[in-house]
Amino acid sequence: MMIVRAALLVALLAIPAGLTGAWIKSADARLAVATAAPGELAPVASASDVGYCNPELKRVLRRVLLSCGLGGGDAARGCQPVQAKNVATMSGHDFNALFTPMKDRGGIIQFDKDKADLDPVDLGLVDRVFADQRGASWFFVVARASPEGSIEHNRELSKARAEAVMAHLKTQFKDPDLDKEVGMLWLGKEYAQLETEFCAWQRSSSGTCNTEQLNRSAFVAWIDCQL
Amino acid sequence: MRRPSPWLVALLIAAVVGVVFAAVSTYDFVQHLDRQVHALHCSFLPGLAGTHGGESGCQVAMMSPYSSVFRTHVWGGVPISLAAMSVFAFLAFYALDLIVTRRKDDPRATGFLALATALPAATSAVMLTVSLAKLGTTCKLCVCIYVASAVCLIAGIAVWRRAVRGPARGSHDRDDPAFVGRAKSSPSSSPSAPTSGARLVAVNESPGASTGLLAAMFGIGVGFVALPVALYLALAPDHARFIGTCEALPHPADTYGVMFHVGLAAPGGAPAIEVLDPLCPACRAFEQRLAASGLADRLDRKAVVFPLDSTCNWMVTEVTHPGACTVSEAVLCAGDKAPEVVAWAFEEQDRIRAETKADPGAAARIVKQRFPALAACIGSPDARSRLNKSMRWVVANNIRVSTPQLYVDKVKLCDEDVDLGLEYTLSSMLDRRARGTLAAVPLEGDPAAKPSAGGKEPAARPGAAPGATPGATP
């Protein structure tokens, strides 16, 4: 009888002990396999790099950004028309064409003639566009002037327009990355004047759109490219 | 041998049933020691997989801190179901022993049986109460174990009462003699005693169980539990080697001013940063587990919102949590009251997600209704910009697109440790930090090698881990 009782004891004790041991050994073996050959992990967070960021665009962007005070270094902020033309090494039309895929990510801040002041409608559009950064790494402010007046005056005027936008961004958003992500160009009337196709972009003026009015402006847009 | 008492048979069957369900539950628990995500056998039929996947009560119960003990000493702790399996195995052994030794009518032996059945019954009562009161759900496997415990208790008491009352007169279910042998001749034998070599057929029942026998049985019962537990502790894989192997924060500073405190800022607590989505069920479950663990009090925890919602998050392609962008804006708009908004969002996240799925404007309406002071801020350029900065902080720190994530002193709590292994891993990390030895390190043997993520909520994105279902999401 004692043998029967002992057999019962061993058999029933073996159930929890044996099963536990076997299951743990099995889990340990699977753990070793998983450790040696890790599975796929969730992707790492990254900035946007959308479809229109082709190598040609990135090449031009890189040159413009580096030459216009971005991308590190101590280069002076902002590009003047001659610099912009040189670094872009392309016609004004081709330069503007670079921005056409960004229609939904940008806007045109329109100024009064010979003025560089932002009115509430202008400020609203700047805020809306800038707040909609999403994963974009670069923000361009490209200011221009209409053909009236001297070259020098229009250079200064377009520079004042670009700086007005930048000053507002600094005040409104207090973004520590502002100097690293905003590229400024002031083109005066000399290079890459906007054509009427840009009338379809969101603008701060709802009036009639012609090239003169369109170029009394600061073009602002986020660029969803990683360089 | 005649048939044993029906109550004893019932107890034996209930104990076997208890062993089976407790074994399935233990198996489900133990298979997670490989740090992977597994389906559970959540069914009234042992061994069948449940139909509710990660949302089953079994999942909630298993991931809760009540499913195991010694959780800070061994990864995941020792499952309570292992002890249950052992106790049921002991009850089965003891019931069979009563049958074999024919002590089923012994009041002391059966009284011990009744007492032994009280242990799983009492434990079941406690666990059922915890399950309903704390977890708000029950698991099918657990219910089967509760029922088996109850049947064992009832049958155990019935067997004992029957033994106390004594066998019914004229009953035919008495056993055969328990001992058949030959009496030794003795000088002191009475004249009427059988002579040497006479066949003795005098005892119908074994002698009553001695105290020594009952003490031995108690010891065996303890051994039934202690041996498997000791085996478990001895064989459990070493998970400490994974601590610090799951990335670190290169730029933890809050340069954008987007972090907010969560929980109580523990004085002298370890600095910790949590990446969360206020509408993510895994984040809510993680918060609950962290609170239940008691370890939140040792952390000085700040949070960064990271909504898994393509409405504002360019890193995901789907609206995994509808309304998460809007609620995240509300959190950032709330300033010092951000923890209140997060707590509310965790409470209401099911409703917000469901209503926003049908009406994209619902999240804004619901949150503005609850927090009218935030109405002007939500949706404003400033709020959108701040939310964007939160996500840029995530980008700057090369964080994976999933929630929740917890970093203690810049070192990440591995994704595989956010549920079952939370107490063990987090307490180990805090101890290491106290000793000054917490650091991000490559995994031993292979710097690039580590198990795949599990137990958290990855974003829907091409290339994301396909099998990384929210294992920790109740």
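Modeller: Leaving aside neighbours within four places in sequence, Tyr424(B) is in contact with Arg71(B), Thr72(B), Val74(B), Trp75(B), Gly76(B) and His239(B). Two residues are in contact if their C-beta atoms, placed from the backbone, lie within 7 Å. This is a predicted model, in which local features need pLDDT of at least 70 and side-chain atom pairs count only at pLDDT 80 or more, while totals for chains, interfaces and linings use all residues. Residues are numbered from 1 along each chain as its sequence is written, and chains are lettered from A and ligands numbered from 1 in the order in which they are written.

Tyr424(B) belongs to helix H12 of chain B, residues 422-435; helices are DSSP runs of H or I with at least four residues, numbered from the N terminus. Tyr424(B) counts as buried because 23 other C-beta atoms lie within 10 Å, the cut-off being 20 or more such atoms within 10 Å of its own, with C-beta atoms placed from the backbone. The C-alpha atoms of Tyr424(B) and Ser293(B) are separated by 9.8 Å, though the two residues are 131 apart along the chain.

Now the domains. Chain B is divided into domain 1 (6-196 + 214-234) and domain 2 (260-458), with bounds from an automatic or database domain assignment. Where they touch, domain 1 of chain B gives 11 residues and domain 2 of chain B gives 14 residues.

Last, the chains. Their contact takes 43 residues from chain A and 58 residues from chain B. H1(A) supplies the largest share of chain A's side, 22 residues.

Terms used. Helices (H or I, at least four residues) and strands (E, at least two) are DSSP runs, numbered from the N terminus. A residue is buried if 20 or more other C-beta atoms lie within 10 Å of its own, exposed if 12 or fewer, and partly exposed in between; C-beta atoms are placed from the backbone.
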